[in-house]
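Please consult the sequence and structure shown below while reading.

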Amino acid sequence: MNISVSVGDDVVFNILTFFPVKSLLRFRCVCKKWRCMISDPSFVEAHQSRSATTLLVSSFDDRSHDRKRTLYIINPSINEGEVRCLSEFSNWRISRSVNGLVCIYEQYPAESHRVRLFNPSTREYVNLPPPIFSGRDSSEQVYNLGFDPSTKTYKILRSWIRNWSDWNYEIFTLGSDSLWRIVKDDPKVVLDTKGVCLNGTIYWTKSIGLRNSTIIMAFNVGEEKFRSVPAPPTDPMWDFKTSRMIQMGGHIAIVDYQEVAGRISNVLIIWELEDSLNGIWSHKRILLPESLMQRFPRHTSFSVNSLDGGEIALIPSKLFKDRYVVYYNLAKERTRREVLSWLFRNMWHISSPYAYCDDFCVYVESLISLKEITCVCRTFEGDNQAVGMTYSYS
């Protein structure tokens, strides 16, 4: 006897939100109802709230002739840290991630300045128009991706230097701008680092003056205005090699690992911004295990970021063949070290015994369609090359 069981749409909706993006992209072909459900903004938002945190790492071989950077996706939730080679770019950089999206841009040659908005989960990207100044007179540049939750608008802020002395700022709004615009507001300082976008505001930390005083700058994505934020009370010294601004528990935080990098102690210092308007900061000291830190070479620099679930991730800038990621759980006060042996077995194809982790960002898997926020987009087919399809729509 055949027994049919009817499952409600709300139950199917809830179950599907637990699947990874790769599976959901296949599930869209099951039927028209599933395709509409998976594409619905409410589903995209619910799925993203449950998605696993993933790392996008930029690495290059210092001994290679062209020093090409290679992008890797590292999924720390899978045993041995599953690693996939995404694509290979020559001198491309990555911004911090916002809602699972990231801005990738070409630093050199100076005449190029190609810029893309990229969704690593769906492999979609969109090519942005050239910036206003994109010749040799604007070679140094940093791109920051921002999001205004009040209008659900994405914007890309570009900081660039002209003639090696004058820093300028221009902005591009996805879905409405056809050309870049000069930002009218002037922050009066050089913002040449990657900021962190939180609740519609991009934050930076910067050292200025002979005493290296720390200042915090903020940019309101919707209003396109800069403002300063009171620094921590003890004014920690900012060094881009041994400090990092991150997002932690819904707040902006500064991680200072100067003592760890210099092998002075095993202490990480974290300053967390509780109130950005009044400059109220909290202070934490984290003691890392001695046995773990002995594996780090002296004066090691790190890329540091936070993961969903209350963990901080540290990746040494110099990765040997037993390369690894260190995770510290803030709530449980536990540290774990994950050797990326999967990467060693499958991706290590260069002759050098080590490679450099140039930068990395943390993102959550996202079903956000770039076709809904911009005009023309391409997609990656396969893991190692960009080919083919172009989507155009109004």
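In which sense do strand 17 and strand 18 pair, and over how many bridges? The model examined here is predicted.

## Strand 18 and its partners

Strand 17 (residues 251-256) pairs with strand 18 in the antiparallel sense, and four bridges connect the two. Within this pairing, Ala253 has Glu272 of strand 18 as its bridge partner.

Strand 18 also runs antiparallel to strand 19 (residues 280-287), to which it is joined by eight bridges. Here Ile269 stands opposite Arg285 of strand 19. Strand 18 and strand 19 form a hairpin with four residues between the strands, and in this hairpin Gly279 adopts a positive phi near 65 degrees. Strand 18 covers residues 267-275; because seven of its nine residues are buried, the strand is largely enclosed by the rest of the structure. In a regular strand, side chains alternate between the two faces of the sheet.

## A nonpolar surface patch

A nonpolar patch on the surface is formed by Val11, Ile15 and Phe19, which together have about 230 Å² of accessible area. Val11 lies in helix 1 (residues 9-16). With a relative accessible area of 39%, Val11 counts as partly exposed, because that class lies between the 20% limit for buried and the 50% limit for exposed residues.

## Cysteines

A search of the whole structure finds zero disulfides. Cys36 is in no disulfide, and the nearest cysteine sulfur, that of Cys31, lies 8.8 Å away; a disulfide would require the two sulfur atoms to be within 2.5 Å.

Is Cys103 buried or exposed? Cys103 is buried, because its relative accessible area is 0%.

Conventions
Residues numbered from 1 in each chain as written. Predicted model: local features only at pLDDT ≥ 70, side-chain atom pairs only at ≥ 80, totals over all residues. Heavy atoms only, no water. Patch = residues over 30% accessible without salt bridge, like charges linked within 9 Å, V, L, I, M, F, W, Y side chains within 5 Å. Areas by Shrake-Rupley, 256 points an atom, 1.4 Å probe, with all protein chains shown as cover. Salt bridge = Lys/Arg side-chain N within 4 Å of Asp/Glu carboxyl O. Buried < 20%, exposed > 50% of the residue type's maximum accessible area, 1.4 Å probe, protein only. Pairing = 2+ DSSP bridges.
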